[in-house]
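I set out to record, entry by entry, what I looked up in this structure.

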Amino acid sequence: MTALDDDLSQDLNQDLNEERTYHEDCRAALTGMVDAAATRVVTGENAFASGADAEVLGYQLRSWAKELAEEPDSPLFFGRLDHQDGQSYHIGRRRITEHLSAPPLVVDWRAPVSRTFYQASARDPQGVAVRRRFGWAPFSKGDPADLTSLEDERLAAGESATSAILAGEIERPRVGPMRDIAATIQPEQDDLVRSELAGSVCVQGAPGTGKTAVGLHRAAYLLYTYPQRIQRGGLLILGPNRTFLSYIAEVLPSLGEIGIRQSTVDDEIARHEVRARDSDAAAAVKHDARMAAVLHRALYARVARPAGPVAVPDGSYRWRIPLDELERIVAEVRAEAPPYAVGRERVRTRAVRAIQLQAERRAGPVSNTWVQKVGRARAVSAFVDAVWPRTQPEEVLAALLTDPADPQLAPQERDAIRWTKPPRSYRSAKWTAADLVLLDELAGLIERPEGYGHIVVDEAQDLSPMQCRAIARRAGFGSLTVLGDLAQGTTPWAARSWPEQLAHLGKEQAVVVPLTTGFRVPAAIVRLANRLVPALGVDVPLGRSLRGNGELTIREVDDLAAATIDAVRAALAHEGSVGVIADEPETHRLRTALAAAGIVTAAADDLAAEARVTVLPATVAKGLEYDHVVVAEPAAIAAAEARGLHRLYVVLTRAVSRLDVLHTRPLPPEFGLE
């Protein structure tokens, strides 16, 4: 080692020791923040507030104390910015300070001053002299993080080099739930994360580009930047299934955001338990966009023309509303197109107003008590019930499915959704999953649901038009972050274009931003998956990967189970998780074979399991990632359903380090390998 190398090593060790000491100070300050928050709750700092204000303040203090107490033993900062003006900031997942009025020891990654950590470059330093990244040893709860390395990028001096710490963090083996990417956000991802709340955005993300992470970090950013507006309207995360939600569940808490609702469309519209199943043909009709108009006609077919004038007794006098005026009232309300329940009350109010005007012309102003009495009069209620009857979504849908006579549906479509044995009453009906989507549409026509300030919708390409409308109703006054990949659409009604899907979501003006550069899936795997894209029937830019490492093996075998056992054993020699993916029938056989070979496996939704090997059907692989993936019999996956090639495309891109493709049957010709 030269004298210069020795000096550099000493400087590095000195910097590391100083940063370790600083981290200890930050840990102590965080402990103080936890204690202070708990004290404020116990001592009742809100004692001088009153009523609702005291309740709200108390809730906020309890929530803050809970959030701080649940902070993991993870590193408290991952970067530092030294600006050319002498200012220096450590960047972490949340703000840390010794007391409220003191400058922060750590700046939240979402703060405006932190943006240059992600955006500055040697070409455009943006006032940054040095960007420092920190490397940390693996840690676990109860075992605090240990700082092991650091790197400095001297941007003001024009230095530009690939960060080994950044690459190591991106490629770190994945075991358990999804992690946050606050330390590794790339400039194009940061632009999306920090988009304005008022605007909706759609991310067309190729596999491995981090679109899900972008959506979750955008949610955290909006909660930080617009706290009052988001708290007033609420924020909702929608995923494709509960397995996926389990996988992403720890991302927002790791960023300091606890208690955010994470759900599926099915859970949001679950008025009833699903107790029946549709045929494929029936489900396709019920999810079709035309059903919105069919349901609207079915509901408003209940509105009738008045049969005659209305006479309301008032002591010895009778007030009369002539037929033509009643017809005008009903027609005007229909033309205004309010929600059905609102329309019913408008008809009542205007009928009462017509009588009130007569009374005031005859005897002067009347009291509110008199107006309320007229509104409850039997003749008025009978008129309202006759022309605008009270109804329930279930009642309307049951009548439609008993006799689906709408002319917009073809005869075979009517036959597909018609009940073969109608229930005696809508109250005893057994509803299918698609029926719940229709019931939600009707419920929205009758009375608008409460909405959210912002909704993040993941795997949005798989939503049907009717499911999109359910989301749109909940975002009428809010905005959306729409995440997906048209090439990964696997449902029968999956979208083929984003403009059409965004129109169903009620956000036609949303900008569509492509993410094509992947950081986790190796280039060889991306190139294999890209061979399928021309056969998928969608117009999307091909993905590319910056990862030149990674392994891809394609093998024809005689015994699929035995080959899978060998591949899994070889994978277990490496760090990280292992996913074995096949079509549904094959997964049962492979799970049994692996168990007989002494290999412990877990189900896809059991993220708490200690087993490193997960066996899962291709139908639930979407959105999940494994370090090593074994794909068993790709031809069976491709042939299992109408969109089997799309499903295979998804399966191939679940691997973030190594991929084994095992087959006894010929590979799908779209691979172009045989």
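**Entry 1**

I found Glu633 in the loop between β20 (626–632) and α25 (634–639). Helices (H or I, at least four residues) and strands (E, at least two) are DSSP runs, numbered from the N terminus. I noted that the model is a predicted one, in which local features need pLDDT of at least 70 and side-chain atom pairs count only at pLDDT 80 or more, while totals for chains, interfaces and linings use all residues. Residues are numbered from 1 along each chain as its sequence is written, and side-chain values use heavy atoms, with hydrogens and water left out.

I looked up the phi of Glu633, which is near 60°, a positive value in a residue other than glycine. Most residues other than glycine have a negative phi. Glu633 is buried, at a relative accessible area of 5%; buried means under 20% relative accessible area, exposed over 50%, and partly exposed in between (1.4 Å probe, protein chains only).

I then turned to Glu459, in the loop between β11 (454–457) and α20 (465–473). Glu459 also has a positive phi, of about 50°, although it is not a glycine. With 4% relative accessibility, Glu459 counts as buried.

**Entry 2: The whole protein**

I recorded 26 helices and 21 strands. Of the 674 residues, 52% are buried. The C-alpha atoms fill a box of roughly 115 × 70 × 45 Å along the principal axes.

**Entry 3: Helix α15**

Which residues of helix α15 (residues 368–375) are buried? I listed Trp370, Val371, Val374 and Gly375. Seen down the axis of α15, these buried residues fall within an arc of 140°, so they line one face of the helix; the arc is that of the directions from the helix axis to the C-beta atoms. An α-helix has 3.6 residues a turn, so residues three or four places apart point the same way. On the other side of α15, I found Asn368 and Thr369 exposed. The cover over the buried residues of α15 includes β9 (310–314), β10 (317–321), α14 (340–363) and α16 (378–387). Contact here means heavy atoms within 4.5 Å.

**Entry 4: A pair of helices**

I checked helix α12 (residues 290–300) against helix α17 (residues 393–402): their axes come within 10 Å and cross at roughly 110°. Axes are lines fitted to C-alpha atoms, for helices over the stretch in contact, and angles run from 0 to 180 degrees between N-to-C directions. Therefore α12 and α17 are roughly perpendicular to each other; angles under 35 degrees count as roughly parallel, over 145 as roughly antiparallel, 65 to 115 as roughly perpendicular and the rest as oblique. Met291, Val294, Leu295, Ala298 and Leu299 of α12 meet Val396, Leu397 and Leu400 of α17.

**Entry 5: Nonpolar cores**

A nonpolar core is a set of buried Ala, Val, Leu, Ile, Met, Phe, Trp, Tyr and Cys residues joined through side-chain atoms within 4.5 Å. The largest has 148 residues, and those with the most contacts inside it are Trp109 and Leu652. Helix α6 (residues 211–225) gives the most to this core, with 8 residues.

**Entry 6: Cysteines**

How many disulfides does the structure hold? I counted 0, a disulfide being a pair of cysteine sulfur atoms within 2.5 Å. The sulfur of Cys468 is 11 Å from the closest cysteine sulfur, in Cys202, which is too far for a bond. Cys468 is buried, with a relative accessible area of 0%.
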